[in-house]
Amino acid sequence: MRQLLDTRSAGLIGRESAAAELESLLREKRLVTVVGPGGVGKTALAAQVGGRLLDEPWAAAGTADLAPLDVPGLVPHSLARALRIDGSTALPQLPALADAIGRRPMLLVVDTCDRRAEECGETLAQLVEACPALHVLATSRIPLAASDTFPLASPAPDTGVQLLTSAAREAGATEDPDPDLARRICAALDGLPLALRIAGGQLAHRDADDLLTLIGRPDQLLDLPAPMPGLPYRLRTLRGSLCWSVRLCSPGERLLWARAGVFTGPFTRDDALTVCADERLPPDDLVLAFDGLANHSLLTPGPPGTFRMSAATRAYGKQMLELLGEDAEFRRRALTHCLQNALTP
Ligand SMILES: Nc1ncnc2c1ncn2[C@@H]1O[C@H](COP(=O)(O)OP(=O)(O)OP(=O)(O)O)[C@@H](O)[C@H]1O
Ligand SMILES: [Mg+2]
């Protein structure tokens with residue numbers, strides 16, 4: 001556990017109060033899931049909080065990364081391995097695992113639950129119920145049923161600038177970017193830590209104004225490489241991060257993602273119904289898909305009733321829409337809707 005904690009939480013910027021809040025919630029509730037979009041820093045934060053708690057007298061403490069679980073039924077096995085509990089069978093089931101943990105104090109960090117969100121939610125809730133001194137800190141892009149949720153959003157703009165500057169220095173940049181350009185880069189990337197680390201890496205060999213132009217082009221933005229070596233595919237580019245989410249979406253959610261990418265600012269569900277519904281995505285299906293995208297942390301809530309998509313999510317949607325050959329049509333529909341709204345008193 002210590003190794004993952006050291007590598008993933010090193011140099012965390014601007015999350016002190018989030019870490020303190022998460023730690024106290026975990027002590028109180030025993031099962032807490034950090035939920036937010038890909039690359040926002042869920043694993044990094046969970047690793048930091050796990051690291052802080054590691055020196056307490058746990059009977060066992062461990063980390064399970066569930067990202068590789070591509071078949072159902074293996075969650076208890078992964079948790080048992082993380083806690084170094086060897087059952088008599090090769091694949092322990094939930095009751096055997098709960099018996100093995102019993103009343104002993106244990107700490108589990110369960111990372112990347114989204115791929116098996118339903119199974120994870122059920123397993124972790126039953127385990128925490130059966131084991132009164134077990135504490136579980138999970139991370140997921142999708143909330144887990146029966147777990148307390150700790151929502152994680154991008155840090156504030158000043159922290160974003162700090163993160164960008166520190167990533168640039170780490171990648172070998174000899175000068176800090178101009179503060180105004182740095183703020184504009186952060187805003188263009190919605191302050192998303194993964195995107196800022198990628199952008200920081202670019203600043204080692206590119207001017208900040210070049211970079212600003214580059215990230216304004218959806219096709220370039222998605223494929224800029226992260227400067228950190230040895231990261232999982234999901235964290236090497238923004239495309240990798242969004243590919244992970246697209247695989248977790250239903251066909252209706254993917255279609256709405258592509259179409260709703262035409263909104264450049266905040267939009268409501270009614271806006272989406274007006275612009276994005278048709279016979280392929282009837283209103284009832286659209287409403288389900290809309291809630292699904294919000295649940296997958298792909299729509300960020302704004303002022304009451306409104307949502308927006310991050311620039312990278314929109315860029316990915318735009319490419320899906322182009323592949324579908326629907327780009328011109330839905331851009332026209334969005335523009336018409338926008339004009340009608342502007343003309344309606
Ligand atoms: N506050 C921060 N300060 C510095 N670096 C950060 C911060 N938050 C995240 N990072 C870095 O950004 C990258 C993405 O973070 P992380 O892996 O925690 O995202 P995630 O939300 O867990 O993404 P996913 O949903 O794909 O698992 C990592 O390289 C991480 O070290
Ligand atoms: Mg993660």
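Good morning. Ligand 1 lies between domain 1 (2–151) and domain 2 (157–232), because both give residues to the shell around it; the domain bounds come from an automatic or database domain assignment. Please note that this is a predicted model, in which local features need pLDDT of at least 70 and side-chain atom pairs count only at pLDDT 80 or more, while totals for chains, interfaces and linings use all residues. Residues are numbered from 1 along each chain as its sequence is written, and chains are lettered from A and ligands numbered from 1 in the order in which they are written.

Let me stay with the ligand. The shell around ligand 1 holds 25 residues, and the closest are Gly41, Lys42, Thr43, Ala44 and Pro193; a residue is near a molecule or strand if its C-beta atom, placed from the backbone, lies within 6 Å of it. Two helices, α3 (42–53) and α9 (193–202), each supply at least two residues of this shell. Helices (H or I, at least four residues) and strands (E, at least two) are DSSP runs, numbered from the N terminus. By class, the shell has ten nonpolar, ten polar and five charged residues. Here Ala, Val, Leu, Ile, Met, Phe, Trp, Tyr, Cys and Pro count as nonpolar, Asp, Glu, Lys and Arg as charged, and the others, Gly among them, as polar.

I turn now to the sheets. Strands of a sheet pair through backbone hydrogen bonds, either parallel or antiparallel. Five strands make an open sheet in the order β2-β3-β4-β1-β5, with parallel pairing; two strands pair if DSSP finds at least two bridges between them. At the edges stand β2 (60–65) and β5 (148–151), each pairing on one side only. Strand β1 (residues 31–35) is joined to β5 by four bridges, and threonine 33 stands opposite threonine 149 in β5.

Which strands does helix α6 lie across? Helix α6 (residues 117–130) lies across β1, β3 and β4 (134–140), running at about 165 degrees to β4. Axes are lines fitted to C-alpha atoms, for helices over the stretch in contact (C-beta atoms, placed from the backbone, within 7 Å), and angles run from 0 to 180 degrees between N-to-C directions.

A second open sheet has three strands in the order β6-β8-β7, and its pairing is antiparallel. Its edge strands are β6 (267–268) and β7 (300–301). Threonine 268 stands opposite threonine 306 in β8.

Finally, the chain also has a domain 3 (249–343). The centres of domain 1 and domain 3, taken over C-alpha atoms, are separated by 33 Å. Thank you.

Definitions and conventions
Contact = placed C-beta atoms within 7 Å.
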